[in-house]
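Let's take a friendly walk through a protein model, one region at a time. Keep the structure open beside you as you read.

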Amino acid sequence: MVSQVRSLGLHGVEGYEVLCECDLSGGLPNFEIVGLPDTAVKEARDRVRSAVKNCGLEFPVSRITVNLAPADRKKGGTVYDLPILVGILRSGGQLPQLDPEAAFVGELSLSGALRSVPGMLPMALAARSAGIKRLFVPADSAAEATLAKGLEVYPVAHVTELVAHLKGETPLSPAPAWIPAGDGDTLLDFAEVKGQENVKRCLEIAAAGSHNVLMIGPPGSGKSMLARRLPSILPALSEKEALEATAVWSVLGMTDKDHPMLTQRPFRSPHHTISAMGMAGGGNPLIRPGEISLAHHGVLFLDELPEFHKDVLEVLRQPMEEGRVQITRAGGSESFPAQFMLVCAMNPCKCGWYGHGDRCKCNPKDVEKYQAKISGPLLDRIDLVVEVDAPGFDTLSDRPTGESSADIKKRVDAARAFQAERFGPEGPPCNAQMGRGELEAYCPLDEGCQNLMKGAFERLGLTARSYDRILRVARTVADLDGSEHIQVPHLAEALQYRATGWLTK
(Lines give C-alpha, C1' and ligand atoms only; values in the text may rest on other atoms or scores of the structure.)
Protein backbone atom coordinates (compact mmCIF):
# COMPACT_ATOMS: atom_id res chain seq x y z
CA MET A 1 0.00 0.00 0.00
CA VAL A 2 1.26 3.48 -0.89
CA SER A 3 0.61 6.43 1.42
CA GLN A 4 1.37 10.11 0.94
CA VAL A 5 2.28 12.43 3.80
CA ARG A 6 2.80 16.15 3.34
CA SER A 7 5.91 17.62 4.89
CA LEU A 8 8.29 20.54 4.44
CA GLY A 9 11.94 21.17 3.71
CA LEU A 10 14.47 24.00 3.58
CA HIS A 11 16.24 25.54 0.60
CA GLY A 12 18.58 28.22 1.92
CA VAL A 13 16.43 30.34 4.22
CA GLU A 14 13.17 29.52 2.46
CA GLY A 15 10.88 26.57 2.99
CA TYR A 16 9.14 24.42 0.40
CA GLU A 17 6.65 21.55 0.43
CA VAL A 18 7.92 17.96 0.36
CA LEU A 19 5.70 14.97 -0.32
CA CYS A 20 6.75 11.86 1.59
CA GLU A 21 5.58 8.75 -0.30
CA CYS A 22 5.79 5.42 1.53
CA ASP A 23 5.31 2.04 -0.10
CA LEU A 24 5.20 -1.39 1.58
CA SER A 25 5.72 -4.30 -0.81
CA GLY A 26 6.66 -7.97 -0.76
CA GLY A 27 10.20 -9.26 -0.86
CA LEU A 28 13.10 -9.40 1.53
CA PRO A 29 12.85 -6.89 4.41
CA ASN A 30 14.57 -3.66 3.42
CA PHE A 31 14.22 0.04 4.20
CA GLU A 32 15.27 2.46 1.47
CA ILE A 33 14.94 6.26 1.30
CA VAL A 34 15.24 7.92 -2.13
CA GLY A 35 14.88 11.52 -3.35
CA LEU A 36 18.44 12.84 -2.94
CA PRO A 37 18.67 12.37 0.85
CA ASP A 38 21.82 13.35 2.72
CA THR A 39 23.37 11.27 5.51
CA ALA A 40 21.09 12.73 8.21
CA VAL A 41 17.99 11.81 6.20
CA LYS A 42 19.25 8.29 5.51
CA GLU A 43 19.87 7.77 9.22
CA ALA A 44 16.15 8.33 9.75
CA ARG A 45 15.72 4.61 8.99
CA ASP A 46 17.26 3.65 12.32
CA ARG A 47 15.54 6.39 14.30
CA VAL A 48 12.12 5.56 12.85
CA ARG A 49 12.50 1.80 13.37
CA SER A 50 13.51 2.22 17.02
CA ALA A 51 10.82 4.84 17.72
CA VAL A 52 8.06 2.64 16.27
CA LYS A 53 9.09 -0.40 18.33
CA ASN A 54 9.68 1.56 21.54
CA CYS A 55 6.20 3.11 21.29
CA GLY A 56 4.56 -0.32 21.29
CA LEU A 57 3.67 -0.14 17.60
CA GLU A 58 4.36 -2.76 14.93
CA PHE A 59 7.19 -2.14 12.49
CA PRO A 60 6.35 -3.79 9.14
CA VAL A 61 8.49 -6.74 8.11
CA SER A 62 8.49 -6.00 4.39
CA ARG A 63 10.24 -4.02 1.71
CA ILE A 64 9.83 -0.32 2.61
CA THR A 65 10.50 2.38 0.03
CA VAL A 66 10.26 6.07 0.97
CA ASN A 67 10.43 8.75 -1.72
CA LEU A 68 10.86 12.41 -0.85
CA ALA A 69 9.42 14.50 -3.69
CA PRO A 70 10.48 16.57 -5.54
CA ALA A 71 13.16 13.94 -6.04
CA ASP A 72 15.54 16.26 -7.93
CA ARG A 73 16.16 18.56 -4.92
CA LYS A 74 18.67 17.59 -2.24
CA LYS A 75 17.08 16.89 1.16
CA GLY A 76 18.95 17.52 4.36
CA GLY A 77 18.42 17.50 8.10
CA THR A 78 16.21 15.47 10.42
CA VAL A 79 12.85 17.12 9.69
CA TYR A 80 11.60 14.08 7.72
CA ASP A 81 11.68 11.61 10.63
CA LEU A 82 8.07 12.24 11.64
CA PRO A 83 6.48 12.15 8.16
CA ILE A 84 8.37 8.94 7.35
CA LEU A 85 7.07 7.33 10.56
CA VAL A 86 3.50 8.48 9.87
CA GLY A 87 3.73 7.21 6.28
CA ILE A 88 4.93 3.77 7.35
CA LEU A 89 2.20 3.45 9.99
CA ARG A 90 -0.44 4.54 7.48
CA SER A 91 0.82 2.14 4.80
CA GLY A 92 0.78 -0.67 7.36
CA GLY A 93 -2.83 0.03 8.32
CA GLN A 94 -2.04 1.23 11.84
CA LEU A 95 -3.39 4.73 11.16
CA PRO A 96 -6.64 5.83 9.48
CA GLN A 97 -6.84 8.02 6.38
CA LEU A 98 -4.76 11.17 6.85
CA ASP A 99 -6.06 14.72 6.59
CA PRO A 100 -4.99 16.03 3.14
CA GLU A 101 -4.57 19.53 4.59
CA ALA A 102 -2.18 18.40 7.35
CA ALA A 103 1.61 18.30 7.29
CA PHE A 104 4.16 16.74 9.64
CA VAL A 105 7.66 17.90 10.60
CA GLY A 106 9.96 16.72 13.35
CA GLU A 107 13.02 14.81 14.51
CA LEU A 108 12.57 11.57 16.47
CA SER A 109 14.48 10.23 19.41
CA LEU A 110 14.84 6.46 19.75
CA SER A 111 12.16 6.49 22.46
CA GLY A 112 9.62 8.23 20.24
CA ALA A 113 9.96 11.70 21.77
CA LEU A 114 10.14 14.59 19.32
CA ARG A 115 12.99 17.08 19.22
CA SER A 116 12.87 20.61 17.83
CA VAL A 117 14.17 21.26 14.34
CA PRO A 118 15.91 24.32 12.87
CA GLY A 119 14.18 26.41 10.24
CA MET A 120 10.69 25.97 11.65
CA LEU A 121 9.57 29.52 10.79
CA PRO A 122 10.40 29.45 7.05
CA MET A 123 8.87 25.98 6.79
CA ALA A 124 5.68 27.16 8.50
CA LEU A 125 5.49 30.14 6.13
CA ALA A 126 5.89 27.75 3.20
CA ALA A 127 3.14 25.53 4.62
CA ARG A 128 0.76 28.46 4.71
CA SER A 129 1.61 29.36 1.11
CA ALA A 130 1.06 25.73 0.03
CA GLY A 131 -2.49 25.69 1.41
CA ILE A 132 -1.70 23.51 4.43
CA LYS A 133 -4.14 24.21 7.27
CA ARG A 134 -2.82 22.01 10.08
CA LEU A 135 0.81 21.53 11.01
CA PHE A 136 2.09 18.89 13.46
CA VAL A 137 5.48 19.88 14.90
CA PRO A 138 7.64 19.08 17.94
CA ALA A 139 6.33 20.77 21.08
CA ASP A 140 9.49 22.88 21.44
CA SER A 141 9.06 24.23 17.89
CA ALA A 142 5.35 25.03 18.16
CA ALA A 143 5.79 28.63 19.38
CA GLU A 144 7.94 29.46 16.37
CA ALA A 145 5.51 27.80 13.96
CA THR A 146 2.63 29.93 15.26
CA LEU A 147 4.42 33.04 13.95
CA ALA A 148 3.16 32.02 10.50
CA LYS A 149 -0.38 33.18 11.07
CA GLY A 150 -3.22 31.25 9.46
CA LEU A 151 -2.13 27.76 10.58
CA GLU A 152 -3.39 25.43 13.27
CA VAL A 153 -0.18 24.30 14.92
CA TYR A 154 -0.33 21.11 16.97
CA PRO A 155 2.54 20.59 19.42
CA VAL A 156 3.59 16.95 19.65
CA ALA A 157 5.83 15.82 22.50
CA HIS A 158 5.74 12.07 21.77
CA VAL A 159 4.70 9.74 18.94
CA THR A 160 2.08 8.09 21.14
CA GLU A 161 0.29 11.46 21.49
CA LEU A 162 0.21 11.89 17.72
CA VAL A 163 -1.05 8.35 17.11
CA ALA A 164 -3.83 8.83 19.67
CA HIS A 165 -4.83 12.09 18.00
CA LEU A 166 -4.87 10.66 14.48
CA LYS A 167 -6.98 7.73 15.67
CA GLY A 168 -9.45 10.13 17.27
CA GLU A 169 -8.82 8.82 20.79
CA THR A 170 -7.17 11.79 22.53
CA PRO A 171 -7.27 14.97 20.43
CA LEU A 172 -4.40 17.42 20.66
CA SER A 173 -5.07 21.12 21.26
CA PRO A 174 -3.62 23.71 18.86
CA ALA A 175 -0.84 25.84 20.29
CA PRO A 176 -1.75 29.47 21.09
CA ALA A 177 -0.07 32.21 19.08
CA TRP A 178 3.22 33.26 20.65
CA ILE A 179 3.26 36.72 22.21
CA PRO A 180 6.46 38.38 23.52
CA ALA A 181 6.51 38.30 27.31
CA GLY A 182 8.10 41.72 27.78
CA ASP A 183 10.55 44.26 26.41
CA GLY A 184 13.36 41.72 26.21
CA ASP A 185 16.94 42.45 27.18
CA THR A 186 17.79 45.87 28.53
CA LEU A 187 19.87 47.83 26.03
CA LEU A 188 22.88 49.97 26.91
CA ASP A 189 22.08 53.67 27.19
CA PHE A 190 23.83 56.65 25.62
CA ALA A 191 23.23 58.56 28.86
CA GLU A 192 26.14 56.60 30.34
CA VAL A 193 28.59 58.02 27.78
CA LYS A 194 30.68 61.01 28.90
CA GLY A 195 31.36 63.56 26.19
CA GLN A 196 31.66 62.44 22.54
CA GLU A 197 28.73 64.62 21.48
CA ASN A 198 29.94 64.74 17.87
CA VAL A 199 30.01 60.92 17.67
CA LYS A 200 26.56 60.64 19.24
CA ARG A 201 25.25 63.03 16.59
CA CYS A 202 26.86 60.96 13.85
CA LEU A 203 25.31 57.75 15.19
CA GLU A 204 21.93 59.48 15.46
CA ILE A 205 22.11 60.36 11.76
CA ALA A 206 23.22 56.83 10.96
CA ALA A 207 20.29 55.33 12.89
CA ALA A 208 17.78 57.72 11.32
CA GLY A 209 18.75 56.74 7.77
CA SER A 210 20.41 53.31 8.27
CA HIS A 211 23.74 54.64 7.03
CA ASN A 212 27.11 52.90 7.27
CA VAL A 213 29.56 54.39 9.79
CA LEU A 214 33.31 54.30 10.39
CA MET A 215 34.70 55.56 13.70
CA ILE A 216 38.41 56.38 13.88
CA GLY A 217 40.17 57.15 17.13
CA PRO A 218 42.90 56.14 19.58
CA PRO A 219 42.54 53.12 21.86
CA GLY A 220 40.24 53.62 24.82
CA SER A 221 38.38 56.55 23.30
CA GLY A 222 35.05 54.73 23.44
CA LYS A 223 34.46 53.51 19.89
CA SER A 224 33.24 50.05 20.87
CA MET A 225 31.25 51.44 23.79
CA LEU A 226 29.41 53.84 21.48
CA ALA A 227 28.77 51.20 18.83
CA ARG A 228 27.24 48.80 21.34
CA ARG A 229 24.75 51.47 22.38
CA LEU A 230 23.57 52.03 18.82
CA PRO A 231 20.77 49.39 19.01
CA SER A 232 19.12 51.43 21.78
CA ILE A 233 18.24 54.23 19.33
CA LEU A 234 17.34 52.12 16.28
CA PRO A 235 13.67 51.95 15.22
CA ALA A 236 11.73 48.91 16.35
CA LEU A 237 11.46 45.98 13.97
CA SER A 238 8.32 45.84 11.87
CA GLU A 239 6.50 42.51 11.72
CA LYS A 240 7.81 41.85 8.22
CA GLU A 241 11.39 42.69 9.20
CA ALA A 242 11.17 40.55 12.33
CA LEU A 243 9.98 37.51 10.35
CA GLU A 244 12.70 37.95 7.70
CA ALA A 245 15.46 38.31 10.29
CA THR A 246 14.14 35.46 12.44
CA ALA A 247 14.02 33.13 9.44
CA VAL A 248 17.81 33.38 9.08
CA TRP A 249 18.40 32.77 12.78
CA SER A 250 15.94 29.87 12.73
CA VAL A 251 17.73 28.09 9.88
CA LEU A 252 20.94 28.18 11.92
CA GLY A 253 19.17 26.83 15.02
CA MET A 254 19.59 30.08 16.97
CA THR A 255 15.97 30.32 18.16
CA ASP A 256 14.32 28.36 20.96
CA LYS A 257 10.90 27.80 22.51
CA ASP A 258 11.29 30.78 24.85
CA HIS A 259 12.62 33.16 22.18
CA PRO A 260 11.16 31.99 18.86
CA MET A 261 11.30 35.43 17.24
CA LEU A 262 13.67 38.39 17.30
CA THR A 263 12.09 41.32 19.11
CA GLN A 264 15.07 43.65 18.74
CA ARG A 265 17.28 44.43 15.79
CA PRO A 266 20.22 42.01 15.63
CA PHE A 267 23.67 43.25 16.58
CA ARG A 268 26.47 41.03 15.29
CA SER A 269 30.11 41.60 16.23
CA PRO A 270 32.29 38.85 14.71
CA HIS A 271 35.93 38.49 15.75
CA HIS A 272 38.55 39.69 13.28
CA THR A 273 39.76 36.09 12.76
CA ILE A 274 36.53 35.20 10.95
CA SER A 275 36.87 33.67 7.47
CA ALA A 276 35.27 34.93 4.28
CA MET A 277 32.89 31.94 4.39
CA GLY A 278 31.92 32.74 7.96
CA MET A 279 31.19 36.32 6.98
CA ALA A 280 29.31 35.79 3.70
CA GLY A 281 28.06 32.21 4.15
CA GLY A 282 28.87 28.90 2.55
CA GLY A 283 29.42 25.28 3.44
CA ASN A 284 29.37 21.84 1.88
CA PRO A 285 27.10 20.15 1.05
CA LEU A 286 24.50 22.52 2.54
CA ILE A 287 25.15 26.24 2.07
CA ARG A 288 24.42 28.20 5.25
CA PRO A 289 24.07 31.96 5.92
CA GLY A 290 26.98 33.95 7.34
CA GLU A 291 27.31 36.88 9.71
CA ILE A 292 26.10 39.46 7.19
CA SER A 293 22.81 37.56 6.89
CA LEU A 294 22.51 37.16 10.67
CA ALA A 295 22.76 40.97 10.78
CA HIS A 296 19.85 41.34 8.32
CA HIS A 297 17.75 44.39 9.34
CA GLY A 298 20.28 45.07 12.09
CA VAL A 299 23.87 46.09 12.74
CA LEU A 300 27.11 44.41 11.69
CA PHE A 301 29.87 45.81 13.91
CA LEU A 302 33.47 45.26 12.85
CA ASP A 303 35.82 46.31 15.62
CA GLU A 304 39.52 46.74 14.78
CA LEU A 305 38.63 46.93 11.10
CA PRO A 306 42.20 46.71 9.63
CA GLU A 307 42.80 43.46 11.52
CA PHE A 308 40.22 41.61 9.41
CA HIS A 309 41.62 39.66 6.47
CA LYS A 310 41.38 41.56 3.22
CA ASP A 311 39.25 38.91 1.49
CA VAL A 312 36.78 39.05 4.39
CA LEU A 313 36.32 42.80 4.00
CA GLU A 314 36.01 42.64 0.23
CA VAL A 315 33.08 40.19 0.37
CA LEU A 316 31.08 42.96 2.02
CA ARG A 317 31.12 45.22 -1.02
CA GLN A 318 28.44 43.60 -3.17
CA PRO A 319 25.98 42.84 -0.33
CA MET A 320 26.27 46.44 0.87
CA GLU A 321 25.01 47.59 -2.53
CA GLU A 322 22.42 44.92 -3.27
CA GLY A 323 21.11 43.89 0.14
CA ARG A 324 21.61 40.20 -0.70
CA VAL A 325 24.54 37.81 -1.00
CA GLN A 326 24.74 35.15 -3.68
CA ILE A 327 26.76 32.06 -2.73
CA THR A 328 27.66 29.66 -5.53
CA ARG A 329 29.39 26.35 -4.93
CA ALA A 330 29.84 23.16 -6.94
CA GLY A 331 26.83 21.67 -5.19
CA GLY A 332 24.47 24.56 -5.91
CA SER A 333 23.71 28.22 -5.41
CA GLU A 334 21.91 30.08 -2.62
CA SER A 335 20.82 33.68 -2.15
CA PHE A 336 20.58 35.07 1.39
CA PRO A 337 19.22 38.42 2.62
CA ALA A 338 21.91 40.82 3.82
CA GLN A 339 20.43 44.27 4.31
CA PHE A 340 22.52 45.43 7.23
CA MET A 341 23.94 48.61 8.69
CA LEU A 342 27.74 48.42 8.75
CA VAL A 343 29.44 50.03 11.75
CA CYS A 344 33.23 49.91 11.89
CA ALA A 345 35.85 51.05 14.38
CA MET A 346 39.59 51.36 13.90
CA ASN A 347 42.71 53.03 15.22
CA PRO A 348 44.41 55.56 12.92
CA CYS A 349 47.68 53.59 13.02
CA LYS A 350 49.21 50.45 14.48
CA CYS A 351 50.03 52.01 17.84
CA GLY A 352 46.76 53.93 17.77
CA TRP A 353 48.03 57.44 18.44
CA TYR A 354 48.59 58.93 15.01
CA GLY A 355 47.77 62.65 15.12
CA HIS A 356 48.57 62.91 18.85
CA GLY A 357 52.07 64.33 18.66
CA ASP A 358 54.90 62.37 20.26
CA ARG A 359 52.59 59.63 21.52
CA CYS A 360 52.61 58.02 18.04
CA LYS A 361 55.64 55.78 17.51
CA CYS A 362 54.82 54.84 13.89
CA ASN A 363 56.75 56.21 10.93
CA PRO A 364 54.76 57.61 7.97
CA LYS A 365 55.23 54.45 5.90
CA ASP A 366 53.83 52.28 8.69
CA VAL A 367 50.83 54.57 9.03
CA GLU A 368 50.20 54.48 5.30
CA LYS A 369 50.55 50.70 5.21
CA TYR A 370 48.13 50.28 8.12
CA GLN A 371 45.49 52.53 6.61
CA ALA A 372 45.91 50.91 3.17
CA LYS A 373 44.43 47.70 4.59
CA ILE A 374 41.05 49.37 4.05
CA SER A 375 40.44 49.47 0.30
CA GLY A 376 39.11 52.52 -1.50
CA PRO A 377 36.02 50.75 -2.86
CA LEU A 378 35.02 49.69 0.67
CA LEU A 379 35.53 53.20 2.03
CA ASP A 380 33.47 54.59 -0.82
CA ARG A 381 30.51 52.56 0.48
CA ILE A 382 30.73 54.07 3.97
CA ASP A 383 28.45 57.08 4.41
CA LEU A 384 29.77 58.60 7.62
CA VAL A 385 33.34 58.80 8.89
CA VAL A 386 33.77 60.36 12.32
CA GLU A 387 36.84 60.97 14.48
CA VAL A 388 36.55 59.84 18.10
CA ASP A 389 38.86 61.87 20.33
CA ALA A 390 40.26 60.54 23.58
CA PRO A 391 38.31 62.17 26.44
CA GLY A 392 40.27 64.35 28.85
CA PHE A 393 40.43 64.13 32.63
CA ASP A 394 37.76 66.79 33.20
CA THR A 395 35.32 64.93 30.98
CA LEU A 396 35.95 61.59 32.66
CA SER A 397 35.73 63.01 36.18
CA ASP A 398 32.35 64.68 35.56
CA ARG A 399 29.06 62.86 35.98
CA PRO A 400 27.36 61.86 32.71
CA THR A 401 25.08 64.66 31.50
CA GLY A 402 24.30 63.51 27.95
CA GLU A 403 20.92 62.70 26.45
CA SER A 404 19.40 59.32 27.10
CA SER A 405 18.86 56.81 24.33
CA ALA A 406 15.10 57.25 24.74
CA ASP A 407 15.33 60.95 23.88
CA ILE A 408 17.55 60.33 20.86
CA LYS A 409 15.29 57.50 19.68
CA LYS A 410 12.29 59.86 19.60
CA ARG A 411 14.05 61.99 16.98
CA VAL A 412 15.15 58.90 15.06
CA ASP A 413 11.61 57.52 15.04
CA ALA A 414 10.25 60.88 13.87
CA ALA A 415 12.75 60.95 10.99
CA ARG A 416 11.85 57.38 10.01
CA ALA A 417 8.17 58.36 10.09
CA PHE A 418 8.90 61.14 7.58
CA GLN A 419 10.65 58.61 5.34
CA ALA A 420 7.81 56.09 5.57
CA GLU A 421 5.29 58.76 4.61
CA ARG A 422 7.49 60.01 1.79
CA PHE A 423 8.27 56.65 0.17
CA GLY A 424 5.03 54.84 0.90
CA PRO A 425 4.62 51.09 1.47
CA GLU A 426 6.11 50.18 -1.90
CA GLY A 427 9.17 52.42 -1.63
CA PRO A 428 12.53 51.93 0.11
CA PRO A 429 12.39 51.43 3.88
CA CYS A 430 14.87 54.21 4.65
CA ASN A 431 17.01 56.92 3.07
CA ALA A 432 20.06 54.68 2.74
CA GLN A 433 18.12 52.45 0.34
CA MET A 434 17.04 55.24 -2.03
CA GLY A 435 17.60 54.52 -5.70
CA ARG A 436 18.22 56.92 -8.55
CA GLY A 437 14.54 57.75 -8.93
CA GLU A 438 14.11 58.65 -5.25
CA LEU A 439 17.31 60.71 -5.24
CA GLU A 440 16.08 62.82 -8.12
CA ALA A 441 12.60 63.20 -6.65
CA TYR A 442 13.44 63.88 -3.00
CA CYS A 443 17.00 65.26 -2.99
CA PRO A 444 16.97 68.30 -5.30
CA LEU A 445 19.64 70.91 -4.54
CA ASP A 446 19.07 74.65 -4.78
CA GLU A 447 21.73 77.01 -6.11
CA GLY A 448 23.52 77.38 -2.77
CA CYS A 449 23.68 73.62 -2.26
CA GLN A 450 24.83 73.13 -5.85
CA ASN A 451 27.75 75.50 -5.36
CA LEU A 452 28.70 73.84 -2.07
CA MET A 453 28.55 70.37 -3.59
CA LYS A 454 30.57 71.43 -6.64
CA GLY A 455 33.38 72.75 -4.47
CA ALA A 456 33.38 69.66 -2.29
CA PHE A 457 33.33 67.34 -5.30
CA GLU A 458 36.51 68.86 -6.68
CA ARG A 459 38.28 69.35 -3.34
CA LEU A 460 37.53 65.92 -1.88
CA GLY A 461 37.79 63.94 -5.13
CA LEU A 462 34.34 62.41 -4.77
CA THR A 463 33.07 59.55 -6.91
CA ALA A 464 29.58 59.12 -8.34
CA ARG A 465 28.80 56.63 -5.56
CA SER A 466 30.02 58.94 -2.78
CA TYR A 467 28.07 61.83 -4.36
CA ASP A 468 24.86 59.81 -4.07
CA ARG A 469 25.68 58.75 -0.53
CA ILE A 470 26.23 62.37 0.54
CA LEU A 471 22.80 63.23 -0.84
CA ARG A 472 21.24 60.38 1.15
CA VAL A 473 22.93 61.54 4.35
CA ALA A 474 21.88 65.16 3.71
CA ARG A 475 18.31 63.97 3.23
CA THR A 476 18.48 62.23 6.61
CA VAL A 477 19.88 65.34 8.31
CA ALA A 478 17.01 67.34 6.81
CA ASP A 479 14.53 64.75 8.11
CA LEU A 480 15.96 65.06 11.62
CA ASP A 481 15.54 68.82 11.28
CA GLY A 482 11.97 68.41 10.06
CA SER A 483 12.77 70.12 6.77
CA GLU A 484 11.02 69.26 3.53
CA HIS A 485 14.01 70.27 1.41
CA ILE A 486 17.76 69.84 1.75
CA GLN A 487 19.32 73.14 2.79
CA VAL A 488 22.94 74.31 2.90
CA PRO A 489 23.46 73.47 6.63
CA HIS A 490 22.14 69.94 6.04
CA LEU A 491 24.47 69.37 3.10
CA ALA A 492 27.41 70.93 4.95
CA GLU A 493 26.93 68.55 7.88
CA ALA A 494 26.77 65.59 5.50
CA LEU A 495 29.97 66.72 3.79
CA GLN A 496 31.91 67.06 7.01
CA TYR A 497 31.61 63.32 7.54
CA ARG A 498 33.58 62.81 4.32
CA ALA A 499 36.25 65.43 5.01
CA THR A 500 38.31 63.76 7.72
CA GLY A 501 42.05 64.12 7.92
CA TRP A 502 42.74 60.55 6.76
CA LEU A 503 41.29 57.66 4.83
CA THR A 504 38.46 59.41 3.00
CA LYS A 505 38.69 61.20 -0.31
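## A cavity inside

In this predicted model, the largest cavity has a volume of about 170 Å³. How many cavities of 30 Å³ or more does the structure hold? The answer is one. Rolling a probe the size of a water molecule over the atoms shows where empty space is left.

The largest cavity is lined by 14 residues, and those closest to its centre are Ser210, Arg265, His297, Arg416 and Cys430. What kinds of residue make up the lining of the largest cavity? Six are nonpolar, five are polar and three are charged.

## The whole chain

Now step back to see the protein chain as a whole. It has 21 helices and 18 strands, and its C-alpha atoms fill a box of roughly 85 × 45 × 45 Å along the principal axes. Of the 505 residues in the protein chain, 51% are buried.

## A five-stranded sheet

Next, look for an open sheet built from five strands, which come in the order E11-E14-E17-E10-E18 with parallel pairing. Strand E11 (267-268) and E18 stand at the edges; each has a single partner strand, so one side of each is left without a neighbour in the sheet. Strands of a sheet pair through backbone hydrogen bonds, either parallel or antiparallel.

You can follow the pairing strand by strand. Strand E14 (residues 299-302) is joined to E17 by four bridges and the two run parallel, with leucine 300 opposite leucine 342 of E17. Strand E17 (residues 341-346) also pairs with E10 in the parallel sense, over four bridges; here valine 343 in E17 is the bridge partner of valine 213. On to strand E18 (residues 384-387): four bridges link it to E10, in the parallel sense once again, and leucine 214 faces valine 385 in E18.

## Two faces of strand E10

In a regular strand the side chains alternate between the two faces of the sheet. Which residues of strand E10 (residues 213-216) point one way, and which the other way? Val213 and Met215 point one way, while Leu214 and Ile216 point the other way. All of these residues are buried.

## Loops beside the sheet

Valine 388 and alanine 345 are 43 residues apart in sequence, with their C-alpha atoms 9.6 Å apart in space.

Glutamine 196 sits in another loop, between helix H6 (159-166) and helix H7 (197-209). Is glutamine 196 buried or exposed? Buried means under 20% relative accessible area, and glutamine 196 counts as buried because its relative accessibility is 10%. Its side chain reaches the backbone oxygen of aspartate 389 at 2.8 Å.

## Helices to compare

Helix H20 (residues 464-480) has 17 residues and reaches 25 Å from its first C-alpha to its last, close to the 24 Å expected at 1.5 Å a residue. H20 is mostly covered, with 14 of its 17 residues buried. Just after H20 comes glycine 482, which takes a positive phi of about 75°.

For another view of a helix, find lysine 369 in helix H14 (residues 364-371). Lysine 369 has a relative accessible area of 62%, so it is exposed. Between lysine 369 and lysine 350 there are 9.4 Å in space, C-alpha to C-alpha, and the two are 19 residues apart in sequence.

## Backbone details to look for

Some loops deserve a look at their backbone angles. Leucine 36, in the loop between strand E3 (30-34) and helix H1 (39-42), has a positive phi of about 55° although it is not a glycine. With a relative accessible area of 39%, leucine 36 is partly exposed. Glutamate 304 is in the loop between E14 and helix H12 (310-314); its phi is near 55°, a positive value in a residue other than glycine. Glutamate 304 is partly exposed, with a relative accessible area of 29%.

Finally, where does proline 70 lie? Proline 70 is in the loop between strand E4 (63-69) and helix H3 (81-91). The peptide bond that leads from alanine 69 to proline 70 is cis, with omega near 5°.

Key: Residues are numbered from 1 along each chain as its sequence is written. This is a predicted model: local features need pLDDT of at least 70, side-chain atom pairs count only at pLDDT 80 or more; totals for chains, interfaces and linings use all residues. Side-chain values use heavy atoms; hydrogens and water are left out. On a 1 Å grid over the protein atoms alone, a cavity is a set of points where a 1.4 Å probe fits but cannot get out, and a pocket is an open set with protein on both sides within 12 Å along at least five of seven lines; lining residues have an atom within 4 Å of a point. Grid points are joined across faces, edges and corners, and a volume is the space filled by probe spheres set on the points. Ala, Val, Leu, Ile, Met, Phe, Trp, Tyr, Cys and Pro count as nonpolar, Asp, Glu, Lys and Arg as charged, and the others, Gly among them, as polar. The expected span of a helix is 1.5 Å times one less than its number of residues. Buried means under 20% relative accessible area, exposed over 50%, partly exposed in between (1.4 Å probe, protein chains only). Two strands pair if DSSP finds at least two bridges between them. A polar contact is a pair of N or O atoms within 3.5 Å; within protein, one must be able to donate a hydrogen and the other to accept it, and residues adjacent in sequence count only if both atoms are side-chain atoms.
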